[in-house]
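Consider the chain shown below. The paragraphs after it take up its pocket, then its fold and its surface.

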Amino acid sequence: VGVIHWVATRPAYQGRGLGRALFNHLIDAASVRGVHQFRCEFLATNKAVRALVAPYLDGGHQRREGPVIVAEFPLSKSGADLLARDSAAPRPRALAS
């Protein structure tokens with residue numbers, strides 16, 4: 001099981017697709033290394049992360065533990081799935097303000 005212990009985007013850089021790009025990279029890196037199951041925990045009030053994780057929950061599950069949601073899902077074994085996901089995802093915007 002791959003586990004994300006802590007990932008955050010500074011408020012000044014939120015809403016630019018950086019969290020999605022980082023999350024996708026972490027999943028890709030885990031998959032390449034033979035990880036078959038992924039787990040992450042996040043605050044239930046964090047709507048952005050809930051939306052980010054939702055597409056991966058097909059075949060997985062989530063549960064609430066107090067203020068935290070624990071989500072676990074299988075990683076894709078198909079590179080085609082990763083390419084389809086990445087081509088549909090918005091690209092991060094430039095960091096310069």
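What volume does the largest pocket have? The value is about 810 Å³. A pocket here is an open set of points on a 1 Å grid over the protein atoms alone, where a 1.4 Å probe fits, with protein on both sides within 12 Å along at least five of seven lines. Points are joined across faces, edges and corners, and the volume is the space filled by probe spheres set on them. This is a predicted model, in which local features need pLDDT of at least 70 and side-chain atom pairs pLDDT 80 or more, while totals for chains, interfaces and linings use all residues. Residues are numbered from 1 along each chain as its sequence is written, and side-chain values use heavy atoms, without hydrogens or water.

The lining of the largest pocket (residues with an atom within 4 Å of a point) comprises 28 residues, and V7, A8, T9, N46 and V49 lie nearest the centre. Two or more lining residues come from each of α1 (18-32), β2 (37-43) and α2 (47-53). The most come from α1, which gives six. By class, the lining has 18 nonpolar, seven polar and three charged residues.

The chain has three helices and four strands, as DSSP runs of H or I with at least four residues and of E with at least two. Their order along the sequence is β-α-β-α-β-β-α. Among contacts (heavy atoms within 4.5 Å) with a separation of 6 or more, 67% join residues 24 or more positions apart.

Of the 97 residues, 26% are buried, meaning under 20% relative accessible area with a 1.4 Å probe, protein chains only.

Conventions. Nonpolar A, V, L, I, M, F, W, Y, C, P; charged D, E, K, R; others polar. Buried < 20%, exposed > 50% of the residue type's maximum accessible area, 1.4 Å probe, protein only.
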